[in-house]
Amino acid sequence: MERLKKRDNLTYLMDGWEDSMKHSLYGCLLSEVGEFPIVLALKELTVADEALRQKAVKARSIIAVCTDNLTTMQAFRRKWTTEGCYPWILPLPCFIHGVNTILGKVSSYASVKSLIKKNMKIVTFFNASHYWGGQLEQLAQENNIMHGLKKNTESRFYAVILQALSIQEHKKVLYELCSCDEAQRTIGGLSPIWCDVIACVLELDWWQLNEEFIHICKPLVDLIGDTESQDVMLADCMIQLIWAHCEINSLPEYKFEDKQTLKDAFNITLSIAEKWEWPRAHAEQLLRDIQAYASEEQPFSGGKADAKAWWTSVNIGFHPIWTFALKIMAIVPHATEVEHFFSNLGGVQSVKRSCLTVDHLGSLGMLRNFYNHHLYEEAVAEGKDPCCRHAHMHITGKGINTEHAGIMTDDFTVPIPLQTGYEGANIDLNGVEAISMQELDAEFTALEQSGYTTANGDGFSAIVPVENVYNTSLIDIIHRGQLPSIQNTVVNTPTEGNSGSWDRESLLHSMGL
């Protein structure tokens, strides 16, 4: 409870679990990026308000709630935030659960199901056969293949990809082994390789499907592994998702063309500002800050890979984007910590300890979390990385993955929406399809007569090259983790209060956005 008193950017995490006694349990945790999670409660039917009262947590200290995206959890997020007593809390579905759902949908295709079954059959045969398994291992060593065929474990999300990768790595030796005469018929009393195994190995379409399955699913599996094993922010998840998208879209028969607009950023930030009940003056300044940040104007020039550390170390005066950024970067975008909590409970409850009540199980879980927190603090004090690491993780540093973020500088453009805030504009924005050429000519004539210049807008053209949006000359400085010089002023951050009478559309229109 003492740790909770000092924190006001918390994320409420909740997930369900079934223990060995078939109890349907719900675990509730409070977490923040860069901080150790705190267990609130473990109950068969947990009420969120009751869990907060048990630890004397102020509801205003919670800025987001994150659960998986099952129908029951969707209803909980909606009733607790939008329709409940906490409208300022941002409801978020678990990022990792969403990516895992994509993997599940890909694996549900009939052709992919058949592929996974064939892979299992090949691995099972060669791992179980003493003779043919030995022959495969010998050929693999001759071809400098140091890993064997991997089994698929359903409880591990990356096992099916590791299995497909191991089979793809053994493609040459499998084909060579299954093509020999003694593998296809009995010679000298030795049993041949199964006919269906030989049929799979010699089938060209099966190898092509296995390669495409790896190409599509491996980036998603890497994304889950990298995300759940470290402290990540929403921005890190977005960078990882863009990277995975580009990796998948490198297939030759698929073309991708997408563009981001500043109008999307305006609408998203204003919708959050409305939830947080910010005054109109703060909302207007927030829009100006976003424009200045997009064009890297002072005081928003520079930066480094660890975005939270950069924003924390900068004093930029009255700019609401400072408070906005720190709050958003404190949000935990996935409920993995609840899964870790359940995994620890799995070690507490066993066949010989199956008579524990739910209250006892929750108390033991809280004690284990308390001791794990001490180990976490000791690791931090010794300069060690306290985050969970496993063999399928590819990120080693702290902060944003600059290698994956580099894809955004290759061909990234920002089309700016048509400016309509000047005096005399009379354009129907319901859809460009309804605007005729005569109306366009009339508006351009009115624009010339009004003396409108680019000073009335943001000065951007229709398509902005990445060099005009980001200062690419500072990329080497950012990679080294250094912070370019920024003018320091007194911090005066906005606070939540009465939002007054304003809405997104009128505010955007009044500012010409």
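**Overall architecture and selected local features**

Residues 24 or more positions apart account for 73% of the contacts in the protein with a separation of 6 or more. The model from which this value was computed is a predicted one, and it contains 23 helices and five strands.

Helix 16, which spans residues 320-329, is largely enclosed by the rest of the structure, because 10 of its 10 residues are buried, that is, under 20% relative accessible area. The buried set of helix 16 comprises Pro320, Ile321, Trp322, Thr323, Phe324, Ala325, Leu326, Lys327, Ile328 and Met329, so that a lysine is listed among the buried positions along with residues such as Trp322 and Phe324. The surroundings of helix 16 include both strands and helices: its buried residues pack against strand 4 (62-67) and strand 5 (90-93), and also against helix 12 (234-248), helix 13 (262-275), helix 14 (280-294) and helix 15 (307-313).

A helix pair was also examined in the model. The axes of helix 5 (residues 110-128) and helix 7 (residues 159-169) come within 10 Å and cross at roughly 65°, and the crossing of helix 5 past helix 7 is left-handed. On the side of helix 5 the contact is made by Ile116, Asn119, Met120 and Val123, and on the side of helix 7 by Val160, Gln163, Ala164 and Ile167. By residue class, the contact of helix 5 with helix 7 consists of six nonpolar and two polar residues, with no charged residue taking part. In an α-helix, residues three or four places apart point the same way, because there are 3.6 residues a turn.

Backbone geometry was considered at two loop positions. Most residues other than glycine have a negative phi. Asparagine 144, although not a glycine, has a positive phi of about 60°; this asparagine lies in the loop between helix 6 (130-142) and helix 7, where it is exposed, with a relative accessible area of 62%. Glutamate 277 likewise has a positive phi, near 60°, in a residue other than glycine. The position of glutamate 277 is in the loop between helix 13 and helix 14, two of the helices against which the buried residues of helix 16 pack. With a relative accessibility of 32%, glutamate 277 counts as partly exposed.

Technical notes: Residues are numbered from 1 along each chain as its sequence is written. This is a predicted model: local features need pLDDT of at least 70, side-chain atom pairs count only at pLDDT 80 or more; totals for chains, interfaces and linings use all residues. Side-chain values use heavy atoms; hydrogens and water are left out. Axes are lines fitted to C-alpha atoms, for helices over the stretch in contact, and angles run from 0 to 180 degrees between N-to-C directions. Helices (H or I, at least four residues) and strands (E, at least two) are DSSP runs, numbered from the N terminus. A crossing is left-handed if the near helix is turned anticlockwise from the far one by less than a right angle, and right-handed if clockwise. Contact means heavy atoms within 4.5 Å. Ala, Val, Leu, Ile, Met, Phe, Trp, Tyr, Cys and Pro count as nonpolar, Asp, Glu, Lys and Arg as charged, and the others, Gly among them, as polar. Buried means under 20% relative accessible area, exposed over 50%, partly exposed in between (1.4 Å probe, protein chains only).
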